[in-house]
Amino acid sequence: MNIGLNFVLGVLGGEGVLGILNLPAQVMRPFDFSMHSLQAWIWILMAIILITGLAVFWIAIGLRNEIMDSQKQYRKSLLADKLEEYTDRLDRPQLQKLLQLKSKSTHGKGVGMLLLLSAILYPAQAYAQETGTSIWAQGGIILTLILLLIPVLAGLVLVVIQLKKSLNRHKRLLKKEEAKLLANYLSRLPEEKIEALRLREEKLSFSLSHQELAGTESADDKRGLLTVNSEQGFRVVAIKKKALPRPPIDPQLKNLVLGYLICATGWLLFGTTVGEYVGIKFVAPDIDQVSWLSFGRLRPVHTNSVFWGWASLGMLGLGYYIVPRVSNVKLASVRWGWISLVLINLAVILGTISLMAGLNNGGGEYREYVWPIMLLFAIGLVLTLVNFVRTIAQRNTREIYISNWYMVAAIIFTIVITLVAYLPFWQKGLGETIVQGYYMHQGVGMWFMLFTLGIVYYFLPQQLNKPIYSYSLGILAFWTQILFYTLIGTHHFVFSAIPWWLQTVAIVGSMGMVIPVVAGTTNFLMTFKGAWYKIQDSYTLPFFLVGIIFYFTGSLQGTAEAFRFTNLIWHFTDFTVAHSHLTMYGIISFFLWAATYAVVPRLTGKEPPQITVGAHFWMALLGLMFYSVPLMYGGTLRGLSWLEGKPFIESVSMMMPFWLWRAIGGSLMWVSHLFFAYNMYRMIKGDEGLDVKAMALEKLGEMQPVK
């Protein structure tokens, strides 16, 4: 004992236990498995993955043992009586082949089962923190990790599917073994057995001519049920199905809907052109020296023109189509619809001019228009609301379809939040900040999102030719969105002078938004159930599917951002810019494009070129990814650098490459809008193309002699 103690003291240089105590803290740091530590969450996540992996491995071992046992049982059971039974059950073609071959053996070879499973253990000490609260203990980070865990679990599910396929391959192997034994048996059949089989083959060869009850003429398709599509397209572009003919609508309503969609397309081009120029300014800030082209003036021009011009007019135009259709009556007043269109266009035009001239509402985000200009927009909404309500009140259906619930509620909420934002009674001090948060978030969630969801509830079932999966889920999503979304505005001002309890209410409301998002996403995806194959033949369903995916991921990302710690990192960085584009562009714009491509061909009878529709889809999607992912990554690094106390200018220099990606992605998105505008032209005024049949009939008419 003394010898060992002296040895330890010698190794430690005579310091003994004191030397141990003086070692660096990293070596002697006690193990902490608190839920507020990094190690806890890392090991919990790894344990989940490891346990799932072990379960898959156990299933694989069980399948392997079952396969081996079944192979042994099959080989034992393949006796003469079983082979005899197989022989007696041969059908006519098999009998004919057997009698021709008389002797034939086949061989089958087994396929080995592959089992790929690995557990990756990340060293927990890599992110350990000596002091303070761990980043991994924050709710937003936990939710983000859960979202990251979803594809991992999906991968394990794929492993199980592969194991099932392996089991099926082994079952096929057993059948091949049976076939081999049966072939050997058939090769040694006696003559009397072959003669019996020949007699059986003659009996089985008897068949009817299939003309006993019918003539030889082809079917007379009086109802036009048989169609053959021999159209040839580009080899690199799959032929999509055209829009099905629908009952005609009132020509006046048709022109009204097209008027809204044409104006919306024009504002999309204008607004995103301004946005493209603003994005270039991040890479080349000295591109101009003109005051009315400065970033501070152009940025609100971009946001307001795409908000109130593109998205709002697009939604209202589609709403004017949907409300009379689901109510089974005519629109109450087409004239009021045109007045609303003129007022909203006038508001955006005057608002754009005033913003570029430097006249604004004092910097409130999304309410930069001064109140007389915004009043024009509000009057247009009031006229639309009265028009919709009068139409629904005259409906010929007993129930009010869920689309009308969403769209009417969206207009009501927008009128309310506009009044709250522009009436000056409470806009003093913190009241101004609270009103700003309320207006800004309600504008996104209770105007754009609520109205667009109503559009999806009409067009998605129509394009899939099946009813919505669950009306109850739609109602649940409707009321829970109204309950929770109206509370979350102040989560944009966490750690501000706003009362702490009000910030907490906003965070709780953000968590509650999981309910309507999951309910709505489930409803839409389950509507696809049994009809996923239709995506490959449609140029509208891919837009709907992308919008649904971003509705789920973008909305839950907003929930993750609401937590105090994640808000501390991401707020006021480019992460928020990426998030806003994932939602407003990935959800709202993709849904509006899908509905536009669905309705305009039905109104005009003209289809867009499918190759340019594909170019629009992929350039918009890839551009959004190039835009948002680098900004999310760079924004996270920027927020962490601020927490570390690094100089602000250092974070600006760090963001330069990410802003370059922003410009690249924005350019792709902008070009995709040019394709969309071209497609709109082709659907409305484009050439229908040469129809050989129509030309032949015209020639035939010219050849007839005039009497």
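Reader: How do the axes of H9 and H11 lie to each other?

Author: In this predicted model, the axes of helix H9 (residues 251-283) and helix H11 (residues 334-356) come within 10 Å and cross at roughly 10°, where helices are DSSP runs of H or I with at least four residues, numbered from the N terminus, and axes are lines fitted to C-alpha atoms over the stretch in contact, with angles from 0 to 180 degrees between N-to-C directions. H9 and H11 are therefore roughly parallel to each other, a label given to angles under 35 degrees.

Reader: Which residues make that contact?

Author: With contact meaning heavy atoms within 4.5 Å, H9 contributes residues including Tyr260, Trp267 and Phe270, and H11 residues including Trp338, Leu341 and Ile349.

Reader: Where is Asn328, and is Asn328 buried or exposed?

Author: Asn328 sits in the loop between helix H10 (295-327) and H11, and at 52% relative accessibility Asn328 counts as exposed, the cut-off being over 50% relative accessible area, with buried under 20% and partly exposed in between, for a 1.4 Å probe and protein chains only. Asn328 has a positive phi of about 60°, although it is not a glycine.

Reader: And what about phi of Asn465?

Author: Phi of Asn465 is near 60°, a positive value in a residue other than glycine, and Asn465 lies in the loop between helix H14 (430-464) and helix H15 (471-485).

Reader: What should I know about numbering and confidence?

Author: Residues are numbered from 1 along each chain as its sequence is written, and side-chain values use heavy atoms, leaving out hydrogens and water. Local features need pLDDT of at least 70 and side-chain atom pairs count only at pLDDT 80 or more, while totals for chains, interfaces and linings use all residues.

Notes
Helix = DSSP H or I, 4+ residues; strand = E, 2+ residues; numbered from the N terminus. Parallel < 35°, antiparallel > 145°, perpendicular 65-115°, else oblique.
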